[in-house]
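Here are some notes for a colleague who is opening this structure for the first time. They are meant to be read with the sequence and the structure at hand.

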Amino acid sequence: MQIKGIARETLDFVLEASKSMAPLEFAGLLQATDGIITEVLILPGTESSNKSAILRLYMMPNVKSAGSVHSHPGPSRRPSRADLRLFSKTGNCHIIVGSPYDRKSWTCYDREGKVRELPVLDVEFEEDSII
């Protein structure tokens, strides 16, 4: 699936979750609808520390992932070797967030670890209805 962008609300969730987890790393998988990243899937068993976050990919439900997201405790957003291994397994859009966890402190990479553009889009979310 071709990823066209990320919903502003989803990016804001990622930034807030990363900030609230600091100095531990936040991690999840990105889910897209119609080519737009709209959700973050938090896998059961994810382990976070101030050095890494471990995603238990075997806990992933039977859905396709657009990529991954995780935070770094400092300002560096450069992918590590472990990050690149994860990138190769989960889609082609990977976001790393660094401190201060604002709209200027994130970078998107492709599965090879090259910086890629990811437009932030204003998307209308449907309200969940309870029947």
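Which residue in β3 is the bridge partner of leucine 29?

1. The partner of leucine 29 is leucine 41 in β3. Please keep in mind, here and below, that this is a predicted model. The pair belongs to the contact between β2 and β3, which run in the antiparallel sense and are joined over five bridges. Glutamine 31, for its part, stands opposite glutamate 39 in β3.

2. The turn between these strands deserves a look of its own. The hairpin of β2 and β3 has two residues between the strands, and aspartate 34 takes a positive phi near 55 degrees there.

3. On to the other partner of this strand: β2, which spans residues 27-33, is also joined to β6, residues 67-71, by four bridges, and these two strands run antiparallel. Within this pairing, glycine 28 stands opposite valine 69, while leucine 30 has glycine 67 as its bridge partner in β6. The strand β2 is mostly covered, since five of its seven residues are buried.

4. Strand β3 also pairs with β1, although here the two strands run parallel and are joined by two bridges. In this pairing, isoleucine 6 stands opposite isoleucine 37 of β3.

5. Taken as a whole, the sheet is open and mixed in its pairing, with seven strands in the order β8-β7-β6-β2-β3-β1-β9. At its edges stand β8 (106-109) and β9 (120-121), each of which has a single partner strand, so that one side of each is left without a neighbour in the sheet. Helix α1, residues 8-21, packs on this sheet and touches β1, β3, β6, β7, β8 and β9, with its direction making about 75 degrees with that of β1.

6. The largest nonpolar core holds 19 residues, and those with the most contacts inside it are Ile37, Ile95, Trp106 and Leu118. At least two residues of this core come from each of α1, β3, β7 and β8, and α1 gives the most, with four residues. As a general background, nonpolar side chains in soluble globular proteins tend to be buried together.

7. Leaving aside residues up to four places away in sequence, leucine 118 touches Ile3, Gly5, Ile6, Ile37, Cys93, Ile95, Trp106 and Cys108. Among these, Ile37 is the residue that stands opposite isoleucine 6 in the pairing of β1 and β3.

Conventions. Residues are numbered from 1 along each chain as its sequence is written. This is a predicted model: local features need pLDDT of at least 70, side-chain atom pairs count only at pLDDT 80 or more; totals for chains, interfaces and linings use all residues. Side-chain values use heavy atoms; hydrogens and water are left out. Two strands pair if DSSP finds at least two bridges between them. Contact means heavy atoms within 4.5 Å. Axes are lines fitted to C-alpha atoms, for helices over the stretch in contact, and angles run from 0 to 180 degrees between N-to-C directions. A nonpolar core is a set of buried Ala, Val, Leu, Ile, Met, Phe, Trp, Tyr and Cys residues joined through side-chain atoms within 4.5 Å. Buried means under 20% relative accessible area, exposed over 50%, partly exposed in between (1.4 Å probe, protein chains only).
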